[in-house]
Amino acid sequence: MSSDQPKKEISAIKGTHDILPEEARLWQLAEARAREIFELYGYRELRAPVIEPTELFEKGTGASSDIVTKEMYTFVDKGGRSVTLRPEYTPSVVRAIIEHRLDLQSQPLRYYYMGPMFRYDRPQKGRYRQFHQIDIEVFGEKDPAVDAEIVEMAHRLLARLGVEDVLTLVNSVGCKKCRPAYGQELRQAALAARDKLCPDCQRKAEVNPLRIFDCKNEVCRQVASGFPLIIDFLCAECRDHFHKFREYLDLYGIEYRVEPTLVRGLDYYTKTAFEIVAEHLGAQNAICGGGRYDDMVREFGGPDLCGIGFAMGLERLLSVARIQVPKDSFVYFAYLGDQAKKESLRLARVLRSEGIECLVEFRDRGMKAHFSRANKLGADWVLIIGEDELKKGKYQLKDMVNSRQFEGSALELAGIIKGKKILEIG
Ligand SMILES: [Zn+2]
Ligand SMILES: [Zn+2]
């Protein structure tokens, strides 16, 4: 390559995005609140790799689902293995449970996780190829009380994030016993109406008619509204589970609507399926989706361990969250001359040990320039170190918010700064 060719600017890969510091503050806050709430319910973090063997998702997500057929970020690595950047989190947890025999621990197992997921989808506004999810899972608990508990936990998190006007949709998608009979009826109805469906749904009519309910095409929705519903086919066990789940939701005072066409995008769900939508975003924009997957661990070759969980997309969640990031509070050092610079470095060490954020900049500035810089950065405090201060070993501290001034030793001033911090928080 010739060196005098203009350098081409490298930009982020299509469908990915940077989260710059100001925005990252919001992410940190949302993640911290999620962590705090999940831990209140006994959940613990389980961090699995971003990259997994491709067959994990082919097995776990269901070979007929769109995620596998269209959207996986799959490539062959240098060792000739097919690997995939995870499109969802649950299969990784299930793999980890089996691999580490976590099922031998006392149950239920409660895990949470937050991090990036990848889908090779057509990028569009608000949809990314690298997107981020908050995810929780419970394994080894059959009781429908846990189904209601995770819905209640999701509500608590949404409330903490200031997400208002949410609508909770619930359904039961049945189990291995009752779904096949329903599937047959549904397939018959879908095949009979085949000509009216979109090409994608015509294919689904053969492979997996349940997923026609997910289609966003108006005509398909119209046609599907006449299809038989799973709720009318539930076996006694599933009916009882759904009934009790709803009783516990009532106990928690959670308002919900039974949505008989809610089947969720993934094939592995059994019994409970639910979504929480922000009403002003419309029904297509769930901010939380979850359900039960009682057969999944066994289908992976693991023990007979039932599971349930939910996922929230962080990008969408933050677009509806109303949270205020507290203003950064820090001390700016305004010093004059080399001696005072060295004293600033020493003092900053002392103050940081006291948990106080300090900003010492190394450009030569006059006192006026220091103050205009401190103002521009939004410093709460300016610590002034000139010749007089050096001689006395006492420093001037200016409170930029309330225009007050103090004089004292490093530790005395640390006390003043921290005192104000406490007052502000209270
Ligand atoms: Zn059933
Ligand atoms: Zn369709």
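This is a predicted model: local features need pLDDT of at least 70, side-chain atom pairs count only at pLDDT 80 or more; totals for chains, interfaces and linings use all residues.
Is R129 buried or exposed? It counts as buried, because its relative accessibility is 9%, and the cut-off for buried is under 20%. Where does R129 sit? It is in the loop between β5, residues 109–118, and β6, residues 130–139.

What surrounds R129? Leave aside residues up to four places away in sequence, and R129 touches K14, G15, Y73, M117, F118, R119, Y120, D121 and P123. Pick out Y120 from that list. The side chains of R129 and Y120 are joined by a polar contact of 3.5 Å. Now pick out Y73, another residue that R129 touches. Y73 takes us to strand β3, which covers residues 73–76.

So, on to the sheet. Which strands make it up, and in what order? The order is β2-β4-β3. It is an open sheet of 3 strands, and the pairing is antiparallel. The edge strands are β2 and β3, since each of them pairs on one side only. From one strand to the next, the twist averages 35 degrees.

Take the pairs in turn. How many bridges join β3 to β4? There are 4, and the two strands run antiparallel. β4 covers residues 82–85. Look for F75 on your screen: V83 in β4 stands opposite it. The hairpin of β3 and β4 has 5 residues between the strands. In that hairpin, find G80, which takes a positive phi near 80 degrees.

The other pair is β2 with β4. They pair over 3 bridges, again in the antiparallel sense. Here E52 has T84 of β4 as its bridge partner. One general point while we are on strands. In a regular strand, side chains alternate between the two faces of the sheet.

Stay with β2 for a moment. I51 lies in this strand, which covers residues 51–53. Is I51 buried, exposed or partly exposed? Partly exposed, because its relative accessibility is 40%. Setting aside residues up to four places away in sequence, I51 touches F75, V83, T84 and L85. How far is I51 from S329 in space? C-alpha to C-alpha, they are 39 Å apart, with a sequence separation of 278 residues.

Next, helices. α1 is residues 21–40 and α5 is residues 144–160. Their axes come within 10 Å and cross at roughly 145 degrees. The crossing is right-handed. Which residues make the contact? From α1, they are R33, A34, E36, I37 and F38. From α5, they are M153, R156, L157 and R160. Sort them by type, and you get 5 nonpolar, 4 charged and no polar.

Keep R33 in mind, and jump along the chain to R373. R373 is in helix α13, residues 367–377. The C-alpha atoms of R33 and R373 are separated by 33 Å, and the two are 340 residues apart along the chain. R373 counts as partly exposed, because its relative accessibility is 25%. What does R373 touch, not counting residues up to four places away in sequence? The answer is Y332, E361 and R365.

To wrap up, go back to two residues. R129 is buried at 9%. I51 is partly exposed at 40%. Find both of them on the model, and then trace the sheet order β2-β4-β3.

How values were computed
Residues are numbered from 1 along each chain as its sequence is written. Chains are lettered from A and ligands numbered from 1 in the order in which they are written. Side-chain values use heavy atoms; hydrogens and water are left out. Axes are lines fitted to C-alpha atoms, for helices over the stretch in contact, and angles run from 0 to 180 degrees between N-to-C directions. A crossing is left-handed if the near helix is turned anticlockwise from the far one by less than a right angle, and right-handed if clockwise. Contact means heavy atoms within 4.5 Å. Ala, Val, Leu, Ile, Met, Phe, Trp, Tyr, Cys and Pro count as nonpolar, Asp, Glu, Lys and Arg as charged, and the others, Gly among them, as polar. Buried means under 20% relative accessible area, exposed over 50%, partly exposed in between (1.4 Å probe, protein chains only). A polar contact is a pair of N or O atoms within 3.5 Å; within protein, one must be able to donate a hydrogen and the other to accept it, and residues adjacent in sequence count only if both atoms are side-chain atoms. Two strands pair if DSSP finds at least two bridges between them.
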